[in-house]
Amino acid sequence: MAVSQLLIGPTADPAPSTKTASVHRLGQLPTAPLERIGRLALPQIMTAARINHLGPPQIIALERVDMPESLELQVLVRVCAAGVGPWDALIRTGKSGLPLTPPLTLGAEISGIVEKVGANTKGFAPGDEVFGATNPLFVMGYAEYAVVSARMIAKKPAALSHIEAAAMPVAGVMAWQMLFDHAALREGQTVVIHGGAGNVGAYAVQLARAKKIHVIATVRNGDADYVRGLGAHEVINAETDTLMNFARRADAVIDTVGGPAQDQLLGFVKPGGVIVSAVSRPNVQLAQKRRVRADYFIVDVNTAQLARLAEMHDNNELVVPVGSVLPLSEARAAHEMLAGTRAHKRGKIVLQVAG
């Protein structure tokens with residue numbers, strides 16, 4: 001999925017601090033994670049993948065930093081796995097639109113075990129396995145421990161591995177909100193999912209199919225069988241098919257790619273329909289000429305929708321598209337995969353932090 005800008009979504013949470021108290025050592029560290037000492041004797045120092053200035057993947061370094069402290073409406077999580085997404089690259093390069101200044105720890109998606117619960121935080125207790133997003137600033141997840149917003153995590157069911165759970169929060173919730181909160185699609189309608197083989201697109205195809213929505217997915221060469229396996233009824237090869245054959249067929253277009261081709265997607269939508277994107281803002285004037293509503297939004301990862309996605313996974317309605325899995329020490333390589341300079345498997349890139 002391509003992402004051009006990431007802004008702060010709706011939240012009542014206080015802005016988290018992105019700086020740790022002190023850095024104890026810079027550079028490459030051994031790959032083995034810290035041994036767990038026990039909930040009553042947590043370590044004072046942890047390992048995190050951080051940046052000290054903006055730039056390419058090569059600036060990412062492992063550092064030893066002070067353990068964070070959970071505050072009101074937050075929990076401290078021992079991280080077992082952390083998802084890697086385009087939003088992390090935007091933060092690393094300073095293109096996110098978020099009020100962030102290095103030094104900081106990268107990472108927005110985590111799965112792990114609750115160690116401490118902050119004041120006035122309900123619904124979670126030490127020992128709970130949880131997954132979700134870290135905070136509205138989308139940082140602090142590539143670490144052995146992370147303080148996370150309680151409203152942005154949910155309990156992880158046993159059938160969902162930590163690797164799978166770390167691959168779900170942003171992409172899964174974004175797909176759900178595109179389809180059902182913003183496009184308001186319902187059974188029997190038709191949706192075109194642009195970029196159906198991508199991480200967000202793969203969730204969108206499955207979620208729409210589960211709700212008995214007719215799914216048309218756009219792909220590039222080599223991805224047609226994959227999206228059909230996810231549940232797409234029809235496939236448009238963006239490189240070879242005649243797009244006019246699909247003109248005005250959709251009640252909604254879900255754009256997970258963005259970029260210059262976005263204007264062409266309006267041709268798929270029936271008058272009165274909608275194009276939804278969380279990647280780049282659709283051309284409102286062109287949409288109005290086509291009698292199509294244009295909707296752009298910022299994903300709001302939340303407990304209720306995370307729990308719904310986990311339930312669908314338990315009911316065999318949702319497969320989590322995990323791709324390459326690397327140790328925390330390979331965070332730099334993971335970002336090279338995001339940038340396309342290093343090969344990786346199709347699906348979500350995940351950092352394994354602890355066993």
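Against which elements do the buried residues of helix H9 pack? In this predicted model, local features need pLDDT of at least 70 and side-chain atom pairs count only at pLDDT 80 or more, whereas totals for chains, interfaces and linings use all residues. Residues are numbered from 1 along each chain as its sequence is written, and side-chain values use heavy atoms, with hydrogens and water left out.

The buried residues of H9 pack against strand E2 (45–51), E4, helix H1 (86–93), strand E16 (322–327) and E17, where helices (H or I, at least four residues) and strands (E, at least two) are DSSP runs numbered from the N terminus. Helix H9 itself covers residues 331–339, and its buried residues are Ala331, Ala333, Ala334, His335, Glu336 and Met337; here buried means under 20% relative accessible area, exposed means over 50%, and partly exposed lies in between, with a 1.4 Å probe and protein chains only. After H9 comes Gly340, which has a positive phi near 85°.

Helix H4 (residues 199–210) has 12 residues and spans 17 Å from its first C-alpha to its last, which is close to the 16 Å expected at 1.5 Å a residue, the expected span being 1.5 Å times one less than the number of residues. This helix is mostly covered, with 10 of its 12 residues buried, and among them are Tyr203, Gln206 and Leu207. The packing partners of the buried residues of H4 are helix H3 (169–182), strand E10 (190–194), strand E11 (214–219), helix H5 (224–230), H8 and strand E17 (348–352), with contact defined as heavy atoms within 4.5 Å. Just after H4, a positive phi of about 60° is found at Lys212.

An open sheet is formed by 6 strands in the order E12-E11-E10-E13-E14-E15, with parallel pairing; two strands pair if DSSP finds at least two bridges between them. Strand E12 (234–237) and strand E15 (293–296) are the edge strands, each pairing on one side only. The twist from one strand to the next averages 20°, given that axes are lines fitted to C-alpha atoms, for helices over the stretch in contact, and that angles run from 0 to 180 degrees between N-to-C directions. Within this sheet, E13 and E14 run parallel and are joined by 5 bridges, and Ala250 stands opposite Val269 in E14.

Strand E14 also contains Ile275, which is buried, with a relative accessible area of 0%. Leaving aside neighbours within four places in sequence, Ile275 is in contact with Val253, Gln262, Leu265, Leu266, Pro282, Val292, Arg293, Ala294 and Asp295. For Ile275 and Asp295, the separation is 20 residues in sequence and 6.1 Å in space, C-alpha to C-alpha.

Elsewhere in the chain, strand E7 (residues 129–133) has 4 of its 5 residues buried and is therefore largely enclosed by the rest of the structure. E7 pairs with E6 in the antiparallel sense over 5 bridges, with Gly112 standing opposite Val130 in E7. E7 is also joined by 3 bridges to strand E9 (residues 153–155), and these two strands run antiparallel; the bridge partner of Gly132 in E9 is Ile153.

The structure holds 13 salt bridges, each defined as a side-chain nitrogen of Lys or Arg within 4 Å of a carboxyl oxygen of Asp or Glu. One of them is formed by the side chains of Glu115 and Arg78, at 3.3 Å from N to O. Because Glu115 lies in strand E6 (residues 109–117) and Arg78 in strand E4 (residues 74–84), this pair ties together parts that are 37 residues apart in sequence. Glu115 counts as buried at 2% relative accessibility, and Arg78 is likewise buried, with a relative accessible area of 14%.

A salt bridge also connects Lys270 and Asp251, whose closest N and O atoms are 3.5 Å apart. This pair links distant parts of the chain, with Lys270 in strand E14 (residues 269–277) and Asp251 in strand E13 (residues 250–255), 19 residues apart. Lys270 is partly exposed, with a relative accessible area of 32%. In helix H8 (residues 303–314), Arg308 and Glu311 are 3 residues apart and so are separated by about one helical turn; their side chains meet in a salt bridge at 3.4 Å, N to O.
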